[in-house]
Amino acid sequence: STGEVDATTPPTEEDARAYIENHKKNKKRVETTAPPKAKQKQNTTNDDTTASKTPDQAKKSMKVEEEAQQAAAKIASDEDVSDEMKTKALELKSQGNACFIKKEWKDAIELYSQAIATNPKEATFYSNRSACYMQLKDATEDALKDAVMARTLRPNWSKACYRMAVARSGLGRYEDAALSAWEGLQQDQDNE
C-alpha cells in the first residue's frame, strides 16, 4: 500500500495496519498520550492469541458497539456537566495519565472510570481508558466499547477512529478495523 487513500475502494486489512503504524509513528506526545507500548512484568498484556475471532464473537462485539452508540447518544443528550465537575474530572484524568505512563493499567482504568462518572461527556476519558483496556488480557471488548463511546461523543476525532481500529483488529475484525482506519485517515485529511 502506498499510504494514499482512494475513497472509492474499500479499505483492506493492510490499509488498517498501515494506518495504525503511521498513527503510532506520527502521534504527538502530549499529556494524554502514552509512551510506546511495551510488555511489562506486572500486568498481563493483550496479544493476538487471546483475541476473539469466531463469527459468534464478532457478532457479540458488534452488539457491544451498538449498545455503546446508544449509551453515548443518551449521554450526549443529558444535561451539561458543571464547570466544577469538569475540573474534578480533569484532575482524575491527570492522575490516570500518571498511572498510564507508569503502565499501571488497572489503576489508570479506575481513575479514568471515576473521571467518566464525574463527566461522562468527555470523549478523551473513554479513549484513554480504551488504550488501557487494550493492554490487558481479555479486555478487548471493553476497549472497543470505550472507543465507540469516544467516536460517538466526538465524531470528527481521528484518535477515536484509531482506537476503534486497534480494538476491532484485536478482535479479529480486520475489515471493520480497516474501515475505522480509513475513517481516521479521512478525519486527518479534513484537518490539514
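Mentor: Let's begin with Asp-138, which is exposed, its relative accessible area being 60% (exposed means over 50%, buried under 20%, and partly exposed in between, using a 1.4 Å probe and protein chains only). Before we go on, this is a predicted model, where local features need pLDDT of at least 70, side-chain atom pairs count only at pLDDT 80 or more, and totals for chains, interfaces and linings use all residues. Residues are numbered from 1 along each chain as its sequence is written, and side-chain values use heavy atoms, with hydrogens and water left out.

Asp-138 belongs to the loop between helix 5 (123-133) and helix 6 (helices are DSSP runs of H or I with at least four residues, numbered from the N terminus). Its backbone is worth a look too: phi of Asp-138 is near 65 degrees, a positive value in a residue that is not glycine. Most residues other than glycine have a negative phi. Lys-103, in the loop between helix 3 (83-101) and helix 4, also has a positive phi, about 60 degrees, without being a glycine.

Now follow the chain into helix 6. Helix 6 covers residues 140-153, and at 1.5 Å a residue its 14 residues should span 20 Å, which agrees with the 20 Å between its end C-alpha atoms (the expected span is 1.5 Å times one less than the number of residues). Helix 6 is mostly covered, with 11 of its 14 residues buried. Among those buried residues are Thr-140, Ala-143, Asp-146, Ala-147 and Arg-151.

What lies against helix 6? Helix 2 (residues 55-77) packs with helix 6 at an angle of about 40 degrees, the two axes being 8 Å apart (axes are lines fitted to C-alpha atoms over the stretch in contact, and angles run from 0 to 180 degrees between N-to-C directions). On the helix 6 side, the contact is made by Glu-141, Leu-144, Lys-145, Val-148, Met-149, Thr-152 and Leu-153, while helix 2 brings residues including Val-64, Ala-68 and Ile-75 (contact means heavy atoms within 4.5 Å). An α-helix has 3.6 residues a turn, so residues three or four places apart point the same way. Sorted by class, this contact has 11 nonpolar, 4 polar and 4 charged residues (Ala, Val, Leu, Ile, Met, Phe, Trp, Tyr, Cys and Pro are nonpolar, Asp, Glu, Lys and Arg charged, and the others, Gly among them, polar).

Key
Helices (H or I, at least four residues) and strands (E, at least two) are DSSP runs, numbered from the N terminus.
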